[in-house]
Amino acid sequence: MDVLQTLDAIWSARVPILHGLGNTILISLLSIVMGTILGVVVGLLLTYGNWFVRLIVRLYSDFLRGTPVFVLILACFYILSVVGIQLTAFQAGVFALTLFCSSHVGEIVRGSLQAIPAGQTEAAKSIGLTFFGTFFSVLLPQALRMILPTWVNTATEIVKASTLLSIIGVVELLLSVQQVISRTYLSLELYFFAGFVFFLVNFTIEKVGRFVERKVALPT
Amino acid sequence: MTVPVLEIRNLHKRFGSVEVLKGIDLTMQKSDVVSLIGASGSGKTTLLRCVNLLEDYEEGVVAVAGEQIGYVERNGKRVRLREREIARQRAMTGMAFQQFNLFPHMSAIRNVMLGLVKTRKMSKDEAYATAESWLERVGMADRKDHYPGQLSGGQQQRVAIARAIAMNPQLMLFDEVTSALDPELVGEVLSVIKGLAADGMTMLLVTHEMQFAHDVSNKVVFMQDGRIAEEGSPDQLFYHPKSERLAAFLKNSKF
Ligand SMILES: Nc1ncnc2c1ncn2[C@@H]1O[C@H](COP(=O)(O)OP(=O)(O)OP(=O)(O)O)[C@@H](O)[C@H]1O
Ligand SMILES: [Mg+2]
């Protein structure tokens, strides 16, 4: 392994690699933010919907969680264009990851809402809070604290899954590095490098997550 | 005659096929303090929960200050009110729970302020001042910035009572508010309730503290199998029970 040669190859390809990293971050960020918003809605419907709504949303969630992300991405890219929805590879990939993220966030939101004792809702009702007042002032702040560790975990899974977008031609970090490999044949070194960058991204997410967790922890 | 603070007529409540309340009648005037006593499962909690519609009821009328709670008669049909109306009605009564149910993510004063801001639409400053004076009243002013997790059971319950009473309800409901407390913490909570009674608060309470029920109430109601089996003045019920069942119950309660 020639360290200097590797560093040189990385340095001379810094622009496309940084571009790839930027794409990875953008894909992950978009999917996590949209997936979380959609996931909160999924969690709410799973918790408070009538039996019909719950059945539909349960099918949605189970289906998405039971399908490999790989297949989901291919489906969003190819099937949607067959039915006339034209998405770019980037859009289709983000869409697939958003759906995937929403199903996982939906489950953890449902779980946390159900873990909050019924007495919390009853106390909120007894001081005249409506459903929305109860949800936003009493349930959501408690649920968010509960789901934070699992949610951070989901976020890192999305970052890892974003590499799968390379199969539909989105030049994210992994594909940008692969393009350097195809020119330089430094496969071992550069895959190691790519792995290390992904590790750094997820390490940062986890550190930030821990920090927020400590910030919002309740004093005892 | 003035409108009663609470009027319950022929109240029936079922859980599935099991009838838990089998026709309850109870009227309370302003400043009345009524204690509900009775064996476990006799329906005391359920009765309290019907009054602020934490439970729906199938038949009969619950009226607070002359207004039927939860339902209206429309063309001879009984229709449940809208969520927003029910929320408004719930705020007419305050409730203190056995498990306190303070909001764990809010300091004591924010617990008390929440309903004042959201339901009573007070400004933050006004709510803060109101909440502070009620915390003062229950002896918790010095802990107003503490979170529930930092308070003892007795302290939590006093904050919970302040949270309910700060809403200025017409009627206060207490469901075994000392049952989850260590014995040495019971007194501080009971003395808060006695103070409220002395101020003329109208209160309906479920309790297993017989001496307390005797001292604080002007009427005691003995429930049995979803019915009111006996009611009257504290002296009459505790010292001259008419039924065998009440006498046996009192004996078991070590009164
Ligand atoms: N949510 C519910 N679903 C089904 N049955 C219920 C429910 N809540 C209460 N019950 C039943 O209703 C009856 C009355 O219960 P309730 O809690 O009102 O009694 P209680 O007098 O408060 O008893 P305790 O002294 O133990 O608190 C009991 O038989 C109980 O099992
Ligand atoms: Mg009870």
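Contact here means heavy atoms within 4.5 Å. With that settled, here are my notes on the two chains.

1. **What you are looking at.** This is a predicted model, in which local features need pLDDT of at least 70, side-chain atom pairs count only at pLDDT 80 or more, and totals for chains, interfaces and linings use all residues. Residues are numbered from 1 along each chain as its sequence is written, chains are lettered from A and ligands numbered from 1 in the order in which they are written, and side-chain values use heavy atoms, with hydrogens and water left out.

2. **Chain A, overall.** Chain A has nine helices and zero strands, where helices (H or I, at least four residues) and strands (E, at least two) are DSSP runs, numbered from the N terminus. Its C-alpha atoms fill a box of roughly 70 × 50 × 25 Å, taken along the principal axes. Of the contacts in chain A between residues at least 6 apart in sequence, 76% join residues at least 24 apart.

3. An unreviewed UniProt entry lists "transmembrane region" for residues 25-48, 69-90, 127-146, 158-178 and 184-205 of chain A. UniProt positions are given in the numbering used here, feature names are shortened, and annotations may be inferred rather than shown by experiment. Take two of these spans: residues 25-48 of chain A are 100% helix and 0% strand, with end C-alpha atoms 34 Å apart. Residues 69-90 of chain A are 73% helix and 0% strand, and there the end C-alpha atoms lie 15 Å apart.

4. **Surface and burial in chain A.** Chain A has an accessible surface of about 11400 Å², and 72% of that belongs to carbon and sulfur atoms; the areas come from the Shrake-Rupley method with a 1.4 Å probe, and for residues only the protein chains shown count as cover. Of the 220 residues in chain A, 46% are buried. Buried means under 20% relative accessible area, exposed over 50%, and partly exposed in between (1.4 Å probe, protein chains only).

5. **Chain B and its record.** The annotation "domain: ABC transporter", from an unreviewed UniProt entry, covers residues 6-250 of chain B. Over that span chain B is 37% helix and 28% strand, and the end C-alpha atoms are 27 Å apart.

6. **Where the chains meet.** In chain B, 26 residues are in contact with 20 residues of chain A. The area buried between chain B and chain A is about 2000 Å², with carbon and sulfur atoms giving 65%. Arg90(B), Phe103(B) and His105(B) supply 25% of the area that chain B buries against chain A, more than any other three residues. Buried area is the accessible area (1.4 Å probe) that two parts lose on being put together, summed over both.

7. **Gln157(B).** This residue sits in helix H5 (residues 153-165) of chain B. Why does Gln157(B) count as buried? Because its relative accessibility is 0%. Leaving aside neighbours within four places in sequence, Gln157(B) is in contact with Ala96(B), Phe97(B), Gln98(B), Phe100(B), Val177(B) and Val189(B).

8. **Two loop residues with positive phi.** Ser31(B), a residue other than glycine, has a positive phi near 75°. Ser31(B) lies in the loop between strand E2 (18-28) and strand E3 (33-38) of chain B, and is partly exposed, with a relative accessible area of 34%. Ala65(B) is not a glycine, yet has a positive phi of about 50°. Ala65(B) lies in the loop between strand E4 (59-64) and strand E5 (67-68) of chain B; with a relative accessible area of 34%, Ala65(B) is partly exposed.
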